[in-house]
Amino acid sequence: MTTAATRSDRRISPIFLAIVAVMAVSGWAVWTDFAEQTGFAVFLFVTAAWIVSLCLHEYAHARTALHSGDISIGAKGYLTLNPLKYTHALLSIVLPVLFVIMGGIGLPGGAVYIERGRITGRWRHSLISAAGPLTNVLFAVVCTAPFWLDALDGVPTAFRDALAFLALLQVTAAILNFAPVPGLDGYGVIEPWLSYKIRRQVEPFAPFGLIAVFGILWIPEVNIAFFDTVDALLRGLGVSEIESYCGQDSYRFWLEFWDEQNPVCSLSR
């Protein structure tokens, strides 16, 4: 019989703390221009911060499920923020990081297993699914705070651009996860309100939803429309397209071997 979470089940994992430490040190290196290769420091900072947001995304799902009635969450280790405890570490950490490297797209994958049978009420099920992408929304607000608060005085250009790119990842993650596609959180929000027949018909497609969305985004027209929407939202939060673009350019430090300096970013400074 599964019992409620104990104190050890809630203790923050040393692995998560190590990731936070990498984020803090690399962020300091970007801010102070301490690193000999600023691009590599930006890569470490954004990647570590992105993984931290992935962990918080899944933690939000788990914590909401715990308070909704699934007391098995603690025993599964989901409350420790340890990414290795997730059901599919490949989908939860490796693939999202690869998506960032390949296309600058923030797309968390499904990770925590929730025993839905323990939870009653359609609103609770919907809230559990919405909790993850809402965390990305909150993360985006925090990343863009210096922009919409006009508090950029003294913020180094490299760090500002890194924050802009990280905000872009959070906005794309929120939009894509709220899409009503089987396998993504957006579908989880509306699923409790669908008929049993429709849910059974859609269920076989859930494992392929994530790959299907990523594939659709490779269609040029869809990709342009999607990022136009993302850029519009970022502008509303005070982040210019050039700042997020230059942040992504710095993040891909390995391209410096072929293109020593991006003229667009250098001329904009």
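## Secondary structure and overall figures

The chain of this predicted model has 12 helices and 0 strands, where helices (H or I, at least four residues) and strands (E, at least two) are DSSP runs numbered from the N terminus. From the N terminus on, the order of elements is α-α-α-α-α-α-α-α-α-α-α-α. Residues are numbered from 1 along each chain as its sequence is written. Local features need pLDDT of at least 70, side-chain atom pairs count only at pLDDT 80 or more, and totals for chains, interfaces and linings use all residues, while side-chain values use heavy atoms, with hydrogens and water left out.

The chain has 269 residues, of which 47% count as buried; buried means under 20% relative accessible area, exposed over 50%, and partly exposed in between (1.4 Å probe, protein chains only). Its accessible surface comes to about 13,700 Å², and carbon and sulfur atoms account for 66% of that. Accessible areas come from the Shrake-Rupley method with a 1.4 Å probe, and for residues only the protein chains shown count as cover. Among contacts (heavy atoms within 4.5 Å) between residues at least 6 apart in sequence, 74% join residues at least 24 apart.

## Packing of α3 and α6

Helix α3 (residues 38–68) packs against helix α6 (residues 157–177) at an angle of about 35 degrees, and their axes are 10 Å apart. Axes are lines fitted to C-alpha atoms, for helices over the stretch in contact, and angles run from 0 to 180 degrees between N-to-C directions. The crossing of α3 and α6 is right-handed; a crossing is called right-handed if the near helix is turned clockwise from the far one by less than a right angle, and left-handed if anticlockwise.

On the α3 side, the residues in contact are Thr 38, Val 42, Phe 45, Val 46, Ala 49, Trp 50, Ser 53 and His 57. Their partners in α6 include Ala 158, Phe 159, Leu 163, Leu 166, Leu 169 and Asn 177. Ser 68 is also in helix α3. Ser 68 has a relative accessible area of 9% and is therefore buried. Apart from neighbours within four places in sequence, Ser 68 is in contact with Ile 119, Arg 124 and Ile 128.

## Salt bridges

The whole structure holds 4 salt bridges, a salt bridge being a side-chain nitrogen of Lys or Arg within 4 Å of a carboxyl oxygen of Asp or Glu. One of them joins the side chains of Arg 118 and Asp 70 at 3.7 Å, N to O. This pair links distant parts of the chain, since Arg 118 is in the loop between α4 (89–103) and α5 and Asp 70 in the loop between α3 and α4, 48 residues apart. Arg 118 is partly exposed at 32% relative accessibility, whereas Asp 70 is buried at 0%.

Lys 76 and Glu 115 form another salt bridge, with the closest N and O atoms 3.1 Å apart. Lys 76 is in the loop between α3 and α4 and Glu 115 in the loop between α4 and α5, 39 residues apart. Lys 76 is partly exposed at 23% relative accessibility, and Glu 115 is partly exposed at 23%. Asp 70, Lys 76, Glu 115 and Arg 118 are linked in a network of salt bridges.

Glu 243 is paired with Arg 160, the closest N and O atoms being 3.3 Å apart. Glu 243 is buried at 9% relative accessibility, and Arg 160 is buried at 18%.

## Nonpolar surface patch

Leu 134, Val 137, Val 141, Trp 148, Leu 149 and Phe 178 make a nonpolar surface patch of about 500 Å². Patches are made of residues with over 30% relative accessible area and no salt bridge: like charges are joined within 9 Å, and nonpolar side chains (Val, Leu, Ile, Met, Phe, Trp, Tyr) within 5 Å. Trp 148 is in helix α5 (residues 122–148) and is partly exposed at 39% relative accessibility.

## Positive phi angles

Leu 81, a residue other than glycine, has a positive phi near 65 degrees. Leu 81 is in the loop between α3 and α4 and is buried at 7% relative accessibility.

Asp 150 is not a glycine either, and its phi is positive at about 55 degrees. Asp 150 is in the loop between α5 and α6 and is exposed at 67% relative accessibility.
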